[in-house]
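I'm going through side-chain pairings first, then single residues, then the surface.

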Amino acid sequence: LDFFAGSGSTGQAVIDQNRSDGGDRRYVLVEHGDCFDDVLLPRVMKSIYSDAWQGGRAVRPNGVSQMFQVVELRSFEESLGADD
């Protein structure tokens, strides 16, 4: 459980460890900032696809099976589309 997931290093570490030893560890990442779409989600998705990257390409695509859910919390006013 990582309440300040930031760049997603905890998620990547769990994915890589499960890949290396066949484990079944789970993880929960929570991010409050704007880096979720630009940093965290792409990093986790790349980690799922391969464990080695070079020059923006997967050296060996050895993906693992993963399922994740993205939940976005909004205030009542945000859900109504109010600008105030």
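Which side chain meets that of Arg19 in a salt bridge? I looked it up, and the partner is Asp16, at 3.1 Å from N to O. My criterion for a salt bridge is a side-chain nitrogen of Lys or Arg within 4 Å of a carboxyl oxygen of Asp or Glu.

Ground rules before I go on. This is a predicted model, where local features need pLDDT of at least 70, side-chain atom pairs count only at pLDDT 80 or more, and totals for chains, interfaces and linings use all residues. Numbering runs from 1 along each chain as its sequence is written, and side-chain values use heavy atoms, with hydrogens and water left out.

**Salt bridges**

Back to Arg19 and Asp16: both sit in helix α1, three residues apart, about one turn of the helix. Helices here are DSSP runs of H or I with at least four residues, strands are runs of E with at least two, and both are numbered from the N terminus. I checked burial too: Arg19 counts as buried because its relative accessibility is 18%, while Asp16 is partly exposed at 26%. The cut-offs are under 20% relative accessible area for buried, over 50% for exposed and partly exposed in between, with a 1.4 Å probe and protein chains only.

How many salt bridges does a search of the whole structure find? I get three. Another one joins Arg25 to Asp21, with the closest N and O atoms 2.7 Å apart. Arg25 is partly exposed at 39%, and so is Asp21, at 41%. Then there is Asp51 with Arg60, where the closest N and O atoms are 3.3 Å apart. I noted 33% for Asp51 and 44% for Arg60, so each counts as partly exposed.

**Ser50**

Arg60 turns up again here. Ser50 sits in the loop between α2 (35-49) and β1 (53-54), and its side chain reaches the backbone oxygen of Arg60 at 2.7 Å. That is a polar contact (a pair of N or O atoms within 3.5 Å; within protein, one must be able to donate a hydrogen and the other to accept it, and residues adjacent in sequence count only if both atoms are side-chain atoms).

Is Ser50 buried or exposed? It counts as buried, because its relative accessibility is 2%. Leaving aside neighbours within four places in sequence, I find Ser50 in contact (heavy atoms within 4.5 Å) with residues including Arg19, Val59, Arg60 and Pro61.

**Ser7**

Ser7 is in the segment before α1 and is partly exposed at 31%. Its side chain makes a polar contact with the side chain of Arg43 at 2.9 Å.

**Aromatics**

I searched the whole structure and got one aromatic pair. The ring centres of Tyr49 and Trp53 are 6.1 Å apart and the planes are at 45°, so I logged the pair as tilted. Rings of Phe, Tyr and Trp (its six-membered ring) pair if their centres lie within 6.5 Å; planes under 30 degrees apart are stacked, over 60 edge-to-face, the rest tilted. Tyr49 is partly exposed at 47%, as is Trp53 at 33%.

**Surface**
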